[in-house]
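Take a look at the structure below. Follow the strands first, then turn to the charged side chains.

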Amino acid sequence: MGTTTSRTTTSAAEFVPQGADLAALRRAADGCRGCRLYEPATQTVFGAGPADARLVLVGEQPGDVEDRQGEPFVGPAGRLLDKALDEADLAREGVYLTNAVKHFKFVPAERGKRRIHKSPSRGEVVACLPWLHAELGQVRPDLVVCLGATAAKAVLGAAVKVTERRGQVERVDDYDVIATVHPSAVLRAPDRDEAYQAFLADLRVVRAHLGE
Ligand code: URA
Ligand code: SF4
């Protein structure tokens, strides 16, 4: 009882302005200190896309390229995602793209200056969630697509297994949600073509769900 620890509160909540539009949220997120990940990272990488998007895609966290450029999905995973969106007849321009965690988490490479991606902890994902909730509250999409386990756990709960749930539309709170793999996982897959086709099949479910 009453033990005090050195643990400080880790949450973005106090940095999120209530009722703010996307532009104001983005500006506020620049100054987020909701967890330790802002310290070594270059900048906050907030979501990007139209406020009236019918579709929100949620990745894990910015990568090395995104950290430098300040925009989501502009590196190798983003290129694969663009191609797949295009093939599934989903225009990237109409999609709001964001990440579960808004800062790049990495470890330095043993030599050279390349930085190695490190998955965020559950605590970091939970700390950053107020930003995602605020984005969803502003965009109010018809469908949320979780790209990979980190996004799926952030949106659908920690117990979710993407391999069991992928490609199925589920109702969570006010949203229809579908989980699929992360485009980086497609790039790393032993059979890349097969993994890509399966990813594309999930995006075609997304396309069909949106209709017209
Ligand atoms: N991977 C992600 O999950 N998000 C990005 O923005 C880039 C790579
Ligand atoms: Fe804030 Fe999220 Fe960055 Fe942590 S990762 S400092 S919660 S924006």
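What follows is a short walk through this model, which is predicted.

Start at strand 7, which covers residues 175–180. Is this strand buried or exposed? Of its 6 residues, 6 are buried, so the rest of the structure largely encloses it. Here, buried means under 20% relative accessible area. Now see where the side chains go. In a regular strand, side chains alternate between the two faces of the sheet. Tyr-175, Val-177 and Ala-179 point one way. Asp-176, Ile-178 and Thr-180 point the other way. Both sets are buried.

Which strands pair with strand 7? One is strand 5, residues 143–147. Strand 5 and strand 7 are parallel, with 4 bridges between them. Find Val-145, and you will see Ile-178 of strand 7 opposite. Another partner is strand 6, residues 169–172. Val-172 has Tyr-175 of strand 7 as its bridge partner. How many residues lie between strand 6 and strand 7? There are 2, and the two strands form a hairpin. In the turn sits Asp-173, with a positive phi of about 50°.

Now move to the charged side chains. Side chains of opposite charge can pair when their charged atoms come close. The model has 14 salt bridges, counting a side-chain nitrogen of Lys or Arg within 4 Å of a carboxyl oxygen of Asp or Glu. One of them joins Glu-71 to Arg-26, with the closest N and O atoms 3.4 Å apart. This pair links distant parts of the chain, 45 residues apart. Arg-26 is in helix 1 (residues 22–29), while Glu-71 is in the loop between helix 2 (64–69) and helix 3 (76–87). Both partners are partly exposed: Glu-71 has a relative accessible area of 30%, and Arg-26 has 29%.

Other salt bridges stay within one helix. In helix 2, Arg-68 and Asp-64 lie 4 residues apart, about one turn of the helix. Their side chains meet in a salt bridge at 3.0 Å, N to O. Helix 3 holds another pair. Lys-83 and Glu-87 form a salt bridge at 3.4 Å, N to O. They too are 4 residues apart, so about one helical turn separates them. Lys-83 is partly exposed at 48% relative accessibility, and Glu-87 is partly exposed at 37%. Finally, salt bridges with shared partners join Asp-64, Asp-67, Arg-68 and Arg-115 into one network.

Technical notes
Residues numbered from 1 in each chain as written. Chains lettered and ligands numbered in written order. Predicted model: local features only at pLDDT ≥ 70, side-chain atom pairs only at ≥ 80, totals over all residues. Heavy atoms only, no water. Buried < 20%, exposed > 50% of the residue type's maximum accessible area, 1.4 Å probe, protein only. Pairing = 2+ DSSP bridges.
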